[in-house]
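Subject: Structure handover

Hello,

Here is the structure I said I would pass on. My notes on it follow below the entry.

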Amino acid sequence: MSALFNFHSFVTVVLLLICTCTYLKMHFPSLLIRRTGFRGFFWKAARIGERLSPWVAIGCSVMGISILFW
C-alpha cells in the first residue's frame, strides 16, 4: 500500500523528511538557502525540525517504538 493512503506510513515518511532536511541544513547550509521553489519545501521542513525539535524527537521516538512493537 502506498504511504499516502496508510496514515502510519504517511506520518513516518513526514517525520523522516523533517529529520533529514534538518540534518542536511545543519551540516550543509548552502543546500537549503533558497526559500522558494522546489527547495523551499525542504527549507520549510528543516525550519519545522529546528523550531519544533523536541516535538519532532518525541514523534520519532514514538514512531520508532510503534514500528518495532506493532
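Helices here are DSSP runs of type H or I with at least four residues, and strands are E runs of at least two. On that basis the protein chain has 3 helices and 0 strands, in the order α-α-α along the sequence. Please keep in mind that this is a predicted model.

Overall form: the C-alpha atoms take up a box of roughly 40 × 25 × 15 Å along the principal axes. The chain has 70 residues, of which 23% count as buried. Its accessible surface is about 5500 Å², and carbon and sulfur atoms account for 73% of that.

Annotation: an unreviewed UniProt entry places the feature "transmembrane region" at residues 6–24 and 52–69. In the model, residues 6–24 are 95% helix and 0% strand, with 27 Å between the end C-alpha atoms. For residues 52–69 the figures are 94% helix and 0% strand, with the end C-alpha atoms 26 Å apart.

Packing: of the contacts between residues at least 6 apart in sequence, 54% join residues at least 24 apart. The largest nonpolar core has 9 residues, namely Leu-15, Ile-18, Cys-21, Leu-32, Trp-43, Ala-45, Ala-46, Val-56 and Met-63. Helix H1 (7–27), helix H2 (37–51) and helix H3 (53–69) each give two or more residues to this core.

Regards

Methods. Residues numbered from 1 in each chain as written. Predicted model: local features only at pLDDT ≥ 70, side-chain atom pairs only at ≥ 80, totals over all residues. Heavy atoms only, no water. UniProt positions renumbered as here; feature names shortened; annotations may be inferred. Buried < 20%, exposed > 50% of the residue type's maximum accessible area, 1.4 Å probe, protein only. Contact = heavy atoms within 4.5 Å. Areas by Shrake-Rupley, 256 points an atom, 1.4 Å probe, with all protein chains shown as cover. Core = buried A, V, L, I, M, F, W, Y, C linked by side-chain atoms within 4.5 Å.
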